[in-house]
Amino acid sequence: MTQNWIDPNASRRPFAKRALGAVALTLGMTLAGGAQAVDLRFGHGGTEDTAYQLGAERFKELVEDKTDGDVSVTILGNSVLGHETEMFEQQMAGALDMSIINPGLITDFSQTANVFSIPFMYRDEAHWRHVLDGEVGRDIADRIEDDTGVKVLAFFGGGKRQIVSTRPLESLDDLEGMKLRTNPTEPLIAAWKALGTEPTVMAWKEIYTGLQLGAIDGLLNEAEWIHRMRFHEVAPHIGLSEHDITVRLLTLSQMTWDRLDDAQREAVMAAAQEAASYARKVQLEQDAEALETLEEEGATLYPMDRERMKEIVAEPLQKVIDHMGLTELHDRIVNVE
């Protein structure tokens, strides 16, 4: 499941009272045979059929098995605890134990998280997996933890982002002048301007109507969400740019981590890695199935020249990467074998 970008500042409300109230509900601990039994409250924004929920269920099953029930998990999905930004703030305050977070929503708290907004960074699925599961992925996780006080246990994700358009996309020339709804991050804006589009900010809930009325000509999204939101009904042309594969952070409050003993920490980390691998597999499968369904329902799919797109965006994108102080990290990612 993918949470599309929403300005964190727009969603932020006074947090102190909510945090105090939520602290009373967090982390239940009781002494049991010398060990502390822990219940982890795990909030996320997914519905029951998403990789978020299925991954959370797998984590619950694994960690409870590995600890013989000393660590239990209460899953609270479908945004019942608030927007992802709010849940992350709750984790920073120690009022929520776990969540799944879009890194684009926490760039106010961690400059490092901006690296996941850079398009055309992964060569393919294998490269993406090697980044997330390797040394550079662990380094990114540690940097976000240092910035925020929230641990990144592992990485979910797997939606391939495409171009959704009201007009045919026979060649890259068809992008010229397109009013394209994008997340307002510097790397995305620089890249899509270089490709000839006019990056446009529009609220998520207004996109369908915006496409109908011509306020925008297209957007960037994964097949699952194109289908869920029925965007293909008003924008039936899908350019297979695969300019990004989504990354989502499986996170744990540092305050929660500090309360765990060594055996519980080991079990939590192992369960997180296994659950993340499973959730990514589910997301990739759902993404491929959704793309097939879109075509069955009348959408037209257009292969895009990704190598030419990468050449076009390379110079303006590099300037932004340098400006954001992400050059070293970006270079390490693209050079992962």
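## Asn 114 and its surroundings

Once the neighbours within four places in sequence are left aside, Asn 114 is in contact with Thr 107, Met 324 and Leu 326. In this predicted model, Asn 114 belongs to the loop that runs between strand S4 (98–101) and helix H5 (125–133). Is Asn 114 buried or exposed? With a relative accessible area of 8%, Asn 114 is buried, because buried means under 20% relative accessible area.

## The chain as a whole

The protein chain has 337 residues, and 55% of them count as buried.

## A loop residue between two strands

Met 178 also sits in a loop, in this case the one between strand S5 (150–165) and strand S6 (179–181). Its relative accessible area is 0%, so Met 178 is buried.

Leaving aside the neighbours within four places in sequence, Met 178 is in contact with Ile 163, Ser 165, Arg 167 and Leu 169, and also with Gly 196, Thr 197, Glu 198 and Asp 217. Met 178 and Ile 216 are 38 residues apart in sequence, and their C-alpha atoms are 7.7 Å apart in space.

H3 passes H11 in a right-handed crossing. On the H3 side the contact is made by residues including Leu 54, Phe 59, Leu 62 and Val 63, and on the H11 side by residues including Ala 271, Ala 275, Tyr 278 and Val 282. The residues of this contact of H3 with H11 divide into 14 nonpolar, three polar and three charged.

H11 also packs with H5, at an angle of about 160 degrees and with the axes 12 Å apart. That angle makes H5 roughly antiparallel to H11, and the crossing of H5 and H11 is right-handed. Glu 125, Trp 128, Arg 129, Leu 132 and Asp 133 of H5 make the contact with Gln 273, Arg 280 and Leu 284 of H11. Which kinds of residue form the contact of H5 with H11? They divide into three nonpolar, one polar and four charged.

## Helices H7 and H12

A further pair is formed by helix H7 (residues 186–194) and helix H12 (residues 306–323), which pack at an angle of about 150 degrees, their axes being 8 Å apart. H7 passes H12 in a right-handed crossing.

Where do H7 and H12 meet? On H7 the residues are Glu 186, Pro 187, Ala 190, Ala 191, Trp 192 and Ala 194, and on H12 they are Met 309, Ile 312, Val 313, Pro 316, Leu 317, Val 320 and His 323. Sorted by kind, the residues of the contact of H7 with H12 divide into eleven nonpolar, one polar and one charged.

Notes. Residues numbered from 1 in each chain as written. Predicted model: local features only at pLDDT ≥ 70, side-chain atom pairs only at ≥ 80, totals over all residues. Heavy atoms only, no water. Buried < 20%, exposed > 50% of the residue type's maximum accessible area, 1.4 Å probe, protein only. Helix = DSSP H or I, 4+ residues; strand = E, 2+ residues; numbered from the N terminus. Contact = heavy atoms within 4.5 Å. Left-handed = near helix turned anticlockwise from the far one by under 90°. Nonpolar A, V, L, I, M, F, W, Y, C, P; charged D, E, K, R; others polar. Axes fitted to C-alpha atoms, helices over the stretch in contact; angles between N-to-C directions. Parallel < 35°, antiparallel > 145°, perpendicular 65-115°, else oblique.
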